[in-house]
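Welcome, and thanks for taking a look at this one. Here is a short tour of the two chains, arranged by topic so that you can follow along in your viewer.

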Amino acid sequence: MDLTIHPHAADDIRSLLKQDVNGVGKLLALLSEIQSDPDLIDRLNQQGDVVEFESGEKINALRVQSVKRIADIWRLKAWESNSHSIPYRLLYGYFQAGQFRKIPLVEILAAVARKTYNYEPDHPITLRVIADYNALL
Amino acid sequence: MNQITQSLSELSLTTTPFFNKLFGSTAATSSNPVKITRAEPIKKAKSLPLDQFIASLCADDPRLDAAISEGSRWVAQSFYAEAPASIRKRRLETGMTQTQLAIAMDTSQSYIAKLERGEINAGMDVIGRLAKALSMKPEDAFILLFAEYEKKHD
């Protein structure tokens with residue numbers, strides 16, 4: 001499995017590094033292990049959910065379409081239930097192997113401090129992640 | 001005016017209105033045609049492979065290498081505590097990513113990945129270097145390597 005960092009996520013991580021070198025160290029160690037052990041991401045995903053950006057009362061065609069198209073954007077929920085977890089939310093796109101991709105790809109799209117982002121539909125991070133994901137399709 | 005110069009002059013007369021319209025210029029005339037300069041393409045930042053990204057961050061912040069080592073120990077405790085003994089588990093407990101172990105053994109990350117998956121029939125030299133890097137006895141390193149190799153080839 002390939003694991004790549006989107007330029008916007010790279011900026012996120014650089015920004016986090018200025019404030020919390022140990023937290024970023026954990027994050028990068030986990031990403032390294034996910035890359036070398038695809039079973040690990042499967043185990044983490046069993047505890048996670050597909051992100052749903054719908055707000056419910058404000059559904060419009062564009063949003064429904066967006067939600068459908070971001071079905072492969074995932075978050076690592078395991079980090080939120082563990083007291084020793086990393087205080088970041090991580091969003092990534094998963095792209096399966098196919099005609100033009102020999103092996104699956106995980107592209108990290110965002111890494112954000114938990115206290116500043118909770119998957120709000122209109123949050124700039126949400127909008128950015130959706131746009132970046134769509135650009136990768 | 002020779003034939004070629006005349007043709008160019010006629011061409012300029014016919015193309016100038018087009019360029020004026022295209023670029024909205026009122027200054028261009030047949031004697032002062034529009035100059036087109038080649039625009040540089042906009043360079044779009046590319047996604048980076050994880051290892052390359054980590055290397056660039058570590059170059060910028062010398063504290064990060066030690067933080068990643070500590071992070072690897074955290075990964076071992078959080079996600080591999082109940083896993084059976086293996087080279088991977090030992091590496092994480094020692095505080096190393098595959099890339100860090102590769103550097104310690106003077107080899108490549110992909111070689112370490114194959115070693116951990118039991119895809120390498122390791123010789124004495126590799127066993128010795130692995131044992132030294134993971135601070136373990138060579139016979140213990142051999143047992144772990146052989147277990148992976150047997151699992152892969154069963």
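Predicted model: local features only at pLDDT ≥ 70, side-chain atom pairs only at ≥ 80, totals over all residues.

**Helix α3 and helix α4 of chain B**

- The axes of α3(B) and helix α4 (residues 87–94) of chain B cross at roughly 130° and come within 6 Å.
- On the α3(B) side, the contact is made by Ser72(B), Arg73(B), Val75(B) and Ala76(B), while α4(B) brings Lys89(B), Leu92(B) and Glu93(B).
- Sorted by class, the contact of α3(B) with α4(B) has three nonpolar, three charged and one polar residue.

**A closer look at Ala76(B)**

- Is Ala76(B) buried or exposed? Ala76(B) is buried, because 21 other C-beta atoms lie within 10 Å and the cut-off is 20 or more.
- Ala76(B) belongs to helix α3 of chain B.
- Once residues up to four places away in sequence are set aside, Ala76(B) touches Lys89(B), Leu92(B) and Glu93(B).
- Arg90(B) is 14 residues from Ala76(B) in sequence, and their C-alpha atoms are 8.5 Å apart in space.

**Helix α7 and helix α8 of chain B**

- Helix α7 (residues 124–133) and helix α8 (residues 138–153) of chain B have axes that come within 8 Å and cross at roughly 110°.
- That angle lies in the range from 65 to 115 degrees, so α7(B) and α8(B) are roughly perpendicular to each other.
- Ile127(B), Gly128(B), Leu130(B) and Ala131(B) of α7(B) meet Pro138(B), Ala141(B), Phe142(B) and Leu145(B) of α8(B).
- The residues in this contact of α7(B) with α8(B) are seven nonpolar, one polar and no charged.

**Strands of chain A**

- Strand β4 (residues 105–113) of chain A has seven of its nine residues buried, so β4(A) is largely enclosed by the rest of the structure.
- Strand β1 (residues 2–5) of chain A runs parallel to β4(A), and four bridges join them. One such pairing puts Asp2(A) with Leu105(A) of β4(A).
- Strand β3 (residues 88–95) of chain A pairs with β4(A) in the antiparallel sense, over eight bridges. Here Leu91(A) has Ala110(A) of β4(A) as its bridge partner.

**Nonpolar cores**

- Which residues have the most contacts inside the largest nonpolar core? They are Leu27(A), Leu109(A) and Ala111(A), in a core of 39 residues.
- Both chains contribute: the elements giving two or more residues to this core are β1, α1 (7–19), α2 (21–36), β3, β4 and α6 (124–136) of chain A, with α2 (50–60) and α3 (64–79) of chain B.
- Apart from this core lies another, of 12 residues, including Met96(B), Ala133(B), Leu134(B) and Leu145(B).
- Beyond its neighbours within four places in sequence, Ala111(A) is in contact with Ala9(A), Asp12(A), Ile13(A), Leu16(A), Leu27(A), Tyr88(A) and Leu90(A).

**Where the chains meet**

- Across the interface, 25 residues of chain A are in contact with 25 residues of chain B.
- On the chain A side, the elements that give two or more residues are β1, α1 and α2, and α2(A) gives the most, with 13 residues.
- By class, the side of chain A that touches chain B has 12 nonpolar, nine polar and four charged residues.
- β1(A) also pairs with strand β1 (residues 48–49) of chain B in the antiparallel sense, over two bridges, and Ile5(A) stands opposite Leu48(B) there.

**The two chains in outline**

- Chain A has six helices and four strands, in the order β-α-α-α-α-β-α-β-β-α along the sequence.
- Of the 137 residues in chain A, 34% are buried.
- In chain A, 58% of the contacts with a separation of 6 or more are between residues 24 or more positions apart.
- Chain B has eight helices and one strand, which run α-β-α-α-α-α-α-α-α from the N terminus on.
- Of the 154 residues in chain B, 23% are buried.
- In chain B, 41% of the contacts between residues at least 6 apart in sequence join residues at least 24 apart.

Key: Residues numbered from 1 in each chain as written. Chains lettered and ligands numbered in written order. Pairing = 2+ DSSP bridges. Core = buried A, V, L, I, M, F, W, Y, C linked by C-beta atoms within 7 Å. Contact = placed C-beta atoms within 7 Å. Nonpolar A, V, L, I, M, F, W, Y, C, P; charged D, E, K, R; others polar. Axes fitted to C-alpha atoms, helices over the stretch in contact; angles between N-to-C directions. Parallel < 35°, antiparallel > 145°, perpendicular 65-115°, else oblique.
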